[in-house]
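Please open the model in your viewer and keep the selection tool at hand.

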Amino acid sequence: MGTNGRTDVDVVVVGAGMAGLYLLHRLRSMGLSAVALETADDVGGTWYWNRYPGARCDVMSVDYQYTFDPELEDEWEWSEKYATQPEILRYLQHVADKHDLRRDLRFETRVERAAWDDDSRTWAVDTSAGDTVTCRWYVMATGCLSAPKDPDIAGADRFGGEVYFTSRWPHEGVDLSGQRVGVIGTGSSAIQSIPIMAKEATELTVFQRTPNYSMPANNGAAPAERLARRTSEREAYVREARESLAGVPMPEATESALAVSEEERNRRYQAIWDDGHIISFSAEFMDLQFQEANDTVADFFRSKIRETVDDADVAESLCPTDYPVFTKRLCVDSGYYQTFNQPHVRLVDLRKDPLVEITETGVRTESGLHEFDVLVFATGFDAMTGAIVRVDIEGRDGIGLKDRWADGPLTYLGLMTAGFPNLFMVTGPQSPSVLSNMAVSIEQHVEWITDTIGDLRTAGLDTIEPTSTAEAGWVQHTSDFADLTLMDQANSWYVGANVPGKPRIVMPYVGGVGRYRKVCDEVVGADYLGFTRSGADGVERTVDGVVRQLQPDAMIVLEVMAEMGMPAFETLGVDGAREMVVATSAERPPGPDVGEIVDGTLPGAGGDLAYRLFRPATDGPHPVVVYFHGGGWLWGGPDSDEPWCRYLCVESDAVVVSVDYRHAPEDPFPAAADDALAAVRWVGDHAAELGSDPARLIVAGWSAGGNLTAVTCQRVRDEGGPMIAGQVMITPVTDYDPTRGSMIENDGYLLTPALMQWFWDHYTHSSERRDPRCSPLRGDLAGLPPALVATCEFDPLRDEGDEYAAALAAAGNEVEHLRCRGQMHTSIPSVGVILSAEDHRADIARAIRRMIGATVSA
């Protein structure tokens with residue numbers, strides 16, 4: 001290659017599986033030169049290598065195919081619901097031949113090293129053939145499950161008999177007739193192959209360290225109804241797949257598994273079991289990634305294992321009990337559990353009888369030596385990152401990708417990584433990949449990559465690279481989504497736990513195919529947000545930023561509301577808005593159980609006020625929290641924030657008295673403030689009657705209630721009242737100023753600037769808004785009780801809350817300022833809905849316990 005930056009080809013693709021083939025087709029249609037380098041001697045990728053007995057796809061054949069060529073769909077007919085490896089390989093060979101792709105393929109060629117040259121702005125790719133191929137763009141289409149994992153077992157290389165790996169099964173097949181066979185591993189490949197091997201072997205012994213959840217495939221002909229719909233409604237069918245959760249047309253669940261009876265729930269689980277379609281679980285119930293709901297389906301799986309396996313002890317060993325279902329790859333099988341009813345098949349539970357070593361003649365466990373003629377290692381793959389980092393890839397300044405990913409993969413969208421210009425990954429870590437129908441995810445990635453290259457060329461640019469800010473934001477978003485699930489509770493290859501020394505991190509993006517596609521499209525629509533693009537003439541365009549900062553569950557709440565077409569509150573009028581609040585509140589989770597709930601009234605400044613008291617189940621007397629609900633001073637009642645009040649009661653071990661107050665516009669400012677002062681005084685005077693300790697009184701509130709908390713603490717200091725041990729203000733209103741940055745930036749997060757203005761207009765006259773009784777930031781802040789102020793990143797009130805916390809501290813008060821990353825105004829009181837705010841809720845409860853002098857655990 002000369003100094004002018006000329007290349008051998010425009011694009012080097014590594015891999016000739018489903019991704020590599022489609023890439024070659026797309027690149028050729030764009031007029032780009034490309035070559036695909038493939039270790040094998042034919043196309044197929046995963047489906048070339050994985051030839052173990054019983055190998056099948058676990059996505060239905062009608063869905064596991066390309067969509068880019070309608071002719072291909074018409075001319076290829078799948079023989080079974082779940083196609084076997086030979087049939088899928090024939091399909092990919094047919095695609096390669098139909099589109100004449102082999103002429104751009106170099107078989108039996110391994111990539112040894114790829115290095116970026118900043119001066120020529122090109123990649124140099126060294127191969128096992130001893131040559132170097134230069135290119136502008138370099139694409140790793142190596143697959144997520146293509147790097148076999150070496151067995152980490154003492155003596156693994158000592159066995160003197162025949163040794164086979166399910167990940168590299170001999171292409172000519174293996175005859176196990178009359179053989180004593182030992183199988184180590186019970187993952188997906190083992191579960192598929194064990195029933196087949198059992199038909200041939202004289203003896204079959206399965207060594208199981210961790211049992212897996214599996215369900216019968218109930219294989220047969222491809223479903224006629226699904227085939228007919230794919231043919232008659234092709235465009236709609238494909239669109240639904242691309243917008244779905246898992247890449248298969250399926251309605252998204254909206255019902256909780258806990259909302260139906262056990263009988264109805266098990267009936268529906270049985271229907272999925274009989275249908276043999278694992279993705280159906282995601283369409284049945286919305287909360288199976290939460291522990292209580294997950295327990296119900298895990299119990300169902302265990303019941304089916306016990307029904308199937310005759311030996312009760314063997315059945316129990318086959319039952320997973322120490323990790324949730326769906327946190328490891330859910331398997332589909334053809335008679336796996338039934339295999340253990342055969343007299344020549346044994347299960348060795350390595351948790352009861354640990355493996356010591358492999359010897360020349362067999363496998364030694366603590367109970368003794370098991371001798372075999374054949375050993376089969378079903379020990380899986382170094383998933384998702386293994387095939388990528390096993391290539392020596394050097395980016396800018398000679399930095400190795402393996403070194404940069406030493407603590408876990410760092411990507412933007414699972415497509416690129418900072419410091420490695422023009423390096424693309426197909427279905428890389430932090431994309432939906434293995435949690436989806438890979439055919440759909442592969443097509444989306446290939447199209448994004450090739451469209452991006454096309455956009456660069458159109459703009460006269462030739463490099464693209466993610467910014468560090470965008471990459472860090474995407475890694476955080478991926479982690480935030482994973483934290484909402486149970487994924488980290490299993491030692492699975494999803495988190496790298498099967499490879500010793502590999503950093504533990506949930507690698508796939510769990511947000512779903514459709515949501516991920518939308519993010520990728522938004523990045524492009526925002527002029528490639530999070531990328532730096534440049535050209536040889538020195539032109540550089542950087543659009544820095546983070547594509548997703550709102551916590552995922554808060555984002556989902558907004559998505560659901562948008563799908564429901566819920567109108568803005570301020571467009572409904574006060575009465576209409578109040579009705580909508582009541583209706584939506586009826587659907588929320590109730591919150592934790594408390595010891596006792598008592599309703600009552602207390603005298604306010606303008607008449608009796610209703611209250612609801614929440615008492616802990618522990619012995620008293622308890623501290624007491626006087627709580628004021630949110631609602632923009634316009635709506636609400638003592639039960640408005642009940643789940644949150646229950647939470648505070650239980651976690652703070654305090655009596656919580658949620659007090660109503662008069663609402664605007666019927667009773668405008670200062671009615672609510674006067675009622676709040678009266679309520680705190682009354683509770684202070686009657687604390688003993690309420691079973692509480694008046695010396696440990698806290699005032700707390702959310703939103704408008706946070707405003708009343710701040711105002712009341714100032715007034716008690718100045719106008720007399722009980723001793724207040726602390727004040728807790730959750731996303732409080734502290735000052736009228738519509739020009740603050742957060743008031744301008746944070747639109748579209750339930751509480752909007754327009755809604756906040758609407759609240760102010762009903763509560764106060766413009767001439768009153770500087771009064772400290774409605775804008776406490778403008779009051780005297782000296783000598784106030786210890787405070788906690790919680791503010792949320794995506795809240796119009798964020799900046800005024802931040803200012804209030806800072807002003808309290810500047811005035812000499814004890815202040816804890818809790819900044820809630822990625823949260824919106826309604827997040828903290830949304831107990832059981834916004835789970836990502838749970839740590840913040842716990843921080844608030846601990847702060848209350850500190851304020852009243854209780855022991856606080858870390």
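Throughout this tour, a residue is called buried when its relative accessible area is under 20%, exposed when the value is over 50%, and partly exposed in between, as computed with a 1.4 Å probe on protein chains only. The model is a predicted one, in which local features need pLDDT of at least 70 and side-chain atom pairs count only at pLDDT 80 or more, while totals for chains, interfaces and linings use all residues. Residues are numbered from 1 along each chain as its sequence is written, and side-chain values use heavy atoms, with hydrogens and water left out.

Begin with W137, which is found in strand 7 (residues 137-140); helices (H or I, at least four residues) and strands (E, at least two) are DSSP runs, numbered from the N terminus. The relative accessibility of W137 is 4%, which places this residue among the buried ones.

The next stops are salt bridges, each defined as a side-chain nitrogen of Lys or Arg within 4 Å of a carboxyl oxygen of Asp or Glu. By this rule the model has 68 salt bridges.

Select D373 and R180, whose closest N and O atoms are 3.0 Å apart in a salt bridge. D373 lies in the loop between strand 16 (368-371) and strand 17 (374-377), and R180 in strand 9 (residues 180-184), so the pair ties together parts that are 193 residues apart in sequence. D373 is partly exposed at 26%, and R180 is likewise partly exposed, at 28%.

Move on to R268 and E255, a salt bridge with its closest N and O atoms 2.8 Å apart. R268 sits in helix 8 (residues 262-275), whereas E255 belongs to the loop between helix 7 (234-243) and helix 8, 13 residues apart.

Finally, select E642 and R612, whose side chains meet in a salt bridge of 2.6 Å, N to O. Since E642 lies in helix 20 (residues 642-652) and R612 in strand 24 (residues 608-615), the pair ties together parts that are 30 residues apart in sequence. E642 is buried at 11%, and R612 is buried at 19%.
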